[in-house]
Amino acid sequence: MNSGNVTTYSTIPASPAAKPTATLYDHLLTETIQTVELALAIAIFITIHSLRQRRRQGLVTWPFLGMLPSLILGLRSNIYEWITGVLVDRGGTFTFRGPWLTNLQCVVTADPRNLEHLLKSKFSSFPKGPYFASIVRDLLGGGIFAADDETWRRQRKTASLAFHSSEFRVMTAKSLVELVHDRLLPVLEAAATVDAVLDLQDVLLRLTFDNVCTIAFGIDPGCLRQGLPNIPFATAFEEATEGTIQRFVMPTALWKAMRMLDIGSERRLRRSIEGVDEFAYEVIRKRREEVRSEGAAARSDLLTAFMKEKDEEGRGERYSDEFLRDVCVNFILAGRDTSSVALTWFFWLLERNKTVEEKIVEELKRIVKERGEGEIDWPEVVFQPAEVKKMEYLQAAISEALRLYPSVPVDHKEVIKDEVFPDGTVLKKGTKVVYSIYSMGRMESIWGKDCRDYKPERWLRDGRFMSESAYKFVSFNGGPRLCLGKDFAYYQMKFVAANILLRYHISVVKGHPVLPKLALTMYMKHGLKVKLTRRQE
């Protein structure tokens, strides 16, 4: 109040509710701090416990998530090197534990004893299994890669008869000569003439695709031509294989939900498979017409061989169009990617090992000079089958490339009854087994301390090529599933490599990144950009 010049202020007493409000605030703050402290303590405990699991199990194992976070980190870099590091640390075998209630649970091994056990000794106990079949069924159907039991045996028997027929051998050798000399070498010469950069992986994929389509379907799609045209079937096939491999690193429920909703990678996979089917069924339709009119009598391709098979009564056609489609798509996958991918890594390794390249070229020149034809027109040399067989050092160099960079880096089996691996690992019925072929080439226990070195000499005895055990060198599988096309694959790779190396030196473009791609076969993620220099004789 104001009285004259004196101002007075009245004091307002504190509200009775103020003290309880402050007390409530302090109480809430205290509870929050205690909750945070408890959560932090639990997090620290879980982290310490999970890290301790690494010593016992090989990887950090988290509640609910299992080892999935470690797998995600591995996928961000080189997944095959990541698997190798774990296997080396665990002595060759470890158990991967994925998130709870998912199918990402498996035993991973790179022990030759275990490989012989599952591929040969107990072959019947380790089929491909329903899990693998469910993932690849949309692309591969009931083909030989995914089939088991009688379906697999029937396909293998028919394919084996075709592969070992004289007509088949003549057809494959002739088509390879035509593809290399009429298509591959002109494409390489055009690039060398203008000093152009070429994606060698793409060129080799086109070559083997045309070659295997001739073998499987009896038709030449013409992928390898001047200008390197886009072929819809080839593009669809590659996209379909990429989409299929993505399912292996996804929880089953997730990719099945995406397929049902037709979204993301599953939509792309569906569309690419439609492109594959459109091409395959059209070829099958035309070939059926030829066979029925006896116009395919001179053909010796796989499609015709299967189409001529009769049913049990010997009257009707044995296989449906859908089954024939599956057979051919499986053999294209086997023949297209494996040889071309192997050759891509082979040429990359040669660029890093000049001495090996020099020895190969010396061998090739010696073989040609043994013809005794006097002056040689080197650009016009055509290697004969008997000469390809003499290329011992070249076969050793290709085998060494396959040891370090196998075309199929990992493979999969499933246990149908309780088993125990020779290394003591217990396998319960239904366990998925992954064997890392890539890792086997980097195990000191298998190949010695120089296992990471590129040394073709390890395959030679007194100058002759000597193969290794199929359970130590698993690039062509082993046991009853040993690759039917192994001999042809070696012939194809040697013939292609010899014709290129006799004429050109290949240099990888400086700074070009080289990493493996996550796929059914081990493509280079960014291709292989190269330049070619003619050899001067």
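Before the details, a word on conventions: the model is predicted, so local features need pLDDT of at least 70 and side-chain atom pairs count only at pLDDT 80 or more, while totals for chains, interfaces and linings use all residues. Residues are numbered from 1 along each chain as its sequence is written, and side-chain values use heavy atoms, with hydrogens and water left out.

Let me start with the chain as a whole. Its secondary structure comes to 19 helices and 13 strands, where helices (H or I, at least four residues) and strands (E, at least two) are DSSP runs numbered from the N terminus. Of the 537 residues, 50% are buried; buried here means under 20% relative accessible area, exposed means over 50%, and partly exposed lies in between, with a 1.4 Å probe and protein chains only. The accessible surface comes to about 26400 Å², and 56% of that belongs to carbon and sulfur atoms, the areas being from the Shrake-Rupley method with a 1.4 Å probe. If we take contacts, meaning heavy atoms within 4.5 Å, with a separation of 6 or more, then 70% of them are between residues 24 or more positions apart.

Three strands form an open, antiparallel sheet in the order 5-13-12, and strand 5 (198-199) and strand 12 (504-508) are its edge strands, each pairing on one side only. Two strands are taken to pair if DSSP finds at least two bridges between them, and strand 12 is joined to strand 13 (residues 529-534) by five bridges. Within that pairing, Ser 507 stands opposite Lys 531 in strand 13. Helix 7 (residues 166-193) packs on this sheet, where it touches strand 5, strand 12 and strand 13, and its direction makes about 85° with that of strand 13; the axes are lines fitted to C-alpha atoms, for helices over the stretch in contact, and angles run from 0 to 180 degrees between N-to-C directions.

Turning to charge, the structure holds 43 salt bridges, each a side-chain nitrogen of Lys or Arg within 4 Å of a carboxyl oxygen of Asp or Glu. One of them joins Lys 449 and Glu 444 at 3.7 Å, N to O; Lys 449 is exposed at 74% relative accessible area, whereas Glu 444 is partly exposed at 46%. Another joins Lys 472 and Glu 468 at 3.6 Å, and here Lys 472 is partly exposed at 22%, as is Glu 468 at 22%. Salt bridges with shared partners also join Glu 400, Arg 403, Asp 450, Lys 455 and Arg 458 into one network.

Finally, the rings. There are 22 aromatic pairs, counted when the ring centres of Phe, Tyr and Trp (its six-membered ring) lie within 6.5 Å, with planes under 30 degrees apart called stacked, over 60 edge-to-face and the rest tilted. Phe 209 and Phe 233 have their centres 5.4 Å apart and their planes at 45°, so this pair is tilted. The pair links distant parts of the chain, since Phe 209 is in helix 8 (residues 200-216) and Phe 233 is in helix 9 (residues 232-246), 24 residues apart. Phe 209 is buried at 1%, and Phe 233 is buried at 4%. The rings of Tyr 319 and Phe 323, with centres 4.6 Å apart and planes at 15°, are stacked, and both residues are buried.
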